[in-house]
Amino acid sequence: MTAVETTTGTAAGTAAEQIADIEAHAAHNYHPLDVVIARGEGAWVTDVDGKRYLDCLAAYSAVNFGHGHPELLAAAHEQLDRLTLTSRAFHHDRMAEFVTELAALAGKDMVVPMNTGAEAVETAIKVARKYAHDVRGIAVPEIIVAGGNFHGRTTTIVSFSDDAVARDGFGPYTPGFVTVPYGDADALASAITENTAAVLLESIQGEAGVVVPPADYFPRVRALTAERGVLLIADEIQSGLGRTGTTFAIEHDGVEPDLYLLGKALGGGIVPVSAVAGNADVLGVLTPGTHGSTFGGNPLAAAVATAVVRLLRTGEYQERSAVLGARLHAGLTGLIGSGVTAVRGRGLWAGVDIDPEVGTARDVALRLLDRGILAKDTHTRTLRLAPPLVISRDEVEWLLRELKAALQG
């Protein structure tokens with residue numbers, strides 16, 4: 001299997017011309033690879049010059065179900081012809097099925113619909129603080145977070161980030177957060193005080209390099225938080241909705257959090273949709289006027305997200321991720337000592353540490369780009385792989401062969 005030529009050129013100009021316009025007129029808050037994508041289908045995308053690429057990033061898990069999934073497109077097209085926005089000043093006829101079916105998928109009573117992942121995190125922070133004030137009587141609540149975290153780039157969120165690029169220069173910072181090492185339950189236990197409102201953790205740390213915690217970590221964290229009446233908030237924005245072989249990554253640890261934070265894949269790669277899912281005793285602290293979003297839970301988003309939930313109810317995509325993920329990880333582990341120093345992850349999600357003698361992770365991403373594969377580096381050494389869950393076994397094998405060749409230069 002190879003990348004093939006299909007079409008050439010676009011009315012907007014060549015890739016080089018478009019990149020020049022982007023560099024001139026778009027703020028430089030990203031450093032993308034030099035490719036301009038024009039079309040997508042399944043696990044593949046095509047650039048403006050007609051070259052096809054196997055998408056092994058899937059928009060950081062936002063395209064879990066592939067580009068242009070027919071059932072998701074049908075839901076979007078049908079809703080576009082009917083109604084797209086009402087605001088939450090009125091009910092609309094897609095909200096009931098959306099919140100009911102998503103709550104059932106998460107095993108919770110209710111959800112708070114929002115738009116972006118960062119909004120879901122901000123919502124959970126507000127809920128945790130309000131719950132601490134109203135239910136537990138905590139005047140100045142604190143939230144425990146983990147080192148190496150990535151929950152978004154809003155002002156509040158970067159206040160508890162230890163990523164200098166995301167944080168430096170954006171102060172003054174929001175107080176009320178305590179940082180402990182990720183995966184260290186003893187450190188977390190020591191950090192809990194009478195002011196601790198919640199513990200906010202990624203079930204797997206994606207931006208940090210697809211870091212999977214020790215097997216006993218989340219069970220211990222759940223026991224500690226339950227004992228002290230502290231909320232456990234699981235950020236599943238990248239790791240959830242089938243990515244790791246289960247609906248939620250924290251299921252691997254046999255733990256149920258108080259709040260799930262969902263996003264990315266919930267919008268099916270079509271519209272931004274996020275949500276906080278929890279039980280009524282926690283989310284019930286939100287009352288009219290305490291929180292909101294004009295676009296949160298809009299009819300178009302609700303229609304697409306409901307279709308996503310129905311895809312997940314079949315279990316097909318979770319199984320695909322588990323089975324093909326096992327093959328992916330076996331193949332990646334076989335590259336250790338041949339340009340790879342370590343592999344982490346679950347399901348169709350992997351962080352691959354690149355031997356410095358081979359180059360940086362971006363160097364390898366650029367070599368893969370030349371070979372018709374899109375992947376992304378993080379923190380200099382780690383290459384992230386997260387193909388859509390519709391990828392085939394043959395495509396996984398081709399990815400492994402091309403990565404091996406790219407590591408050899």
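**Basis of the entries**

I worked from a predicted model, in which local features need pLDDT of at least 70, side-chain atom pairs count only at pLDDT 80 or more, and totals for chains, interfaces and linings use all residues. Residues are numbered from 1 along each chain as its sequence is written, and side-chain values use heavy atoms, with hydrogens and water left out.

**Entry 1: Asn-149**

I placed Asn-149 in the loop between strand 5 (142–146) and helix 6 (155–158). Helices (H or I, at least four residues) and strands (E, at least two) are DSSP runs, numbered from the N terminus. Asn-149 counts as buried, at 4% relative accessibility. The scale is as follows: buried is under 20% relative accessible area, exposed is over 50%, and partly exposed is in between (1.4 Å probe, protein chains only). I also looked up the separation of Asn-149 from Val-271, which is 122 residues away along the chain; their C-alpha atoms are 25 Å apart.

**Entry 2: nonpolar cores**

I took a nonpolar core to be a set of buried Ala, Val, Leu, Ile, Met, Phe, Trp, Tyr and Cys residues joined through side-chain atoms within 4.5 Å. The largest one holds 89 residues, and Leu-188, Leu-201, Leu-332 and Leu-383 have the most contacts inside it. Helix 11 (residues 299–313) supplies the largest share of this core, ten residues. A second, separate core has 26 residues, among them Val-112, Ala-124, Ile-237 and Val-276. For Leu-201 I listed the contacts beyond four places in sequence; they include Ala-146, His-151, Tyr-182, Leu-188, Tyr-217 and Phe-218.

**Entry 3: salt bridges**

Side chains of opposite charge can pair when their charged atoms come close. I counted a salt bridge where a side-chain nitrogen of Lys or Arg lies within 4 Å of a carboxyl oxygen of Asp or Glu. The count by this rule is 18.

I examined Arg-94 and Glu-78, whose side chains form a salt bridge at 3.7 Å, N to O. Arg-94 lies in the loop between helix 3 (70–80) and helix 4 (95–106) and Glu-78 in helix 3, so the pair ties together parts 16 residues apart in sequence. Arg-94 is buried, at 13% relative accessible area, whereas Glu-78 is partly exposed, at 37%.

I then turned to Glu-101 and Arg-313, which meet in a salt bridge at 2.8 Å, N to O. This pair links distant parts of the chain, 212 residues apart, with Glu-101 in helix 4 and Arg-313 in helix 11. Glu-101 is buried at 16% relative accessibility, while Arg-313 is exposed at 54%.

Which residues do salt bridges that share partners join into one network? I found Glu-78, Arg-82, Asp-93, Arg-94, Glu-97, Glu-101, Arg-310 and Arg-313.

**Entry 4: pocket and cavity**

On a 1 Å grid over the protein atoms alone, a cavity is a set of points where a 1.4 Å probe fits but cannot get out; a pocket is an open set with protein on both sides within 12 Å along at least five of seven lines; lining residues have an atom within 4 Å of a point. Grid points are joined across faces, edges and corners, and a volume is the space filled by probe spheres set on the points.

The second largest pocket has a volume of about 380 Å³. Its lining comprises 17 residues, with Arg-88, Val-112, Pro-113, Leu-286 and His-291 nearest its centre. Strand 4 (residues 110–114) gives the largest share of that lining, five residues.

I found one cavity of 30 Å³ or more in the whole structure. It is lined by Leu-57, Tyr-60, Ser-61, Gln-238, Trp-349, Arg-384 and Ala-386.

**Entry 5: backbone**

Tyr-60, in helix 2 (residues 58–61), has phi near 55°, a positive value in a residue other than glycine. I also noted a cis peptide bond from Gly-171 to Pro-172, with omega near 5°.

Terms used:
Contact means heavy atoms within 4.5 Å.
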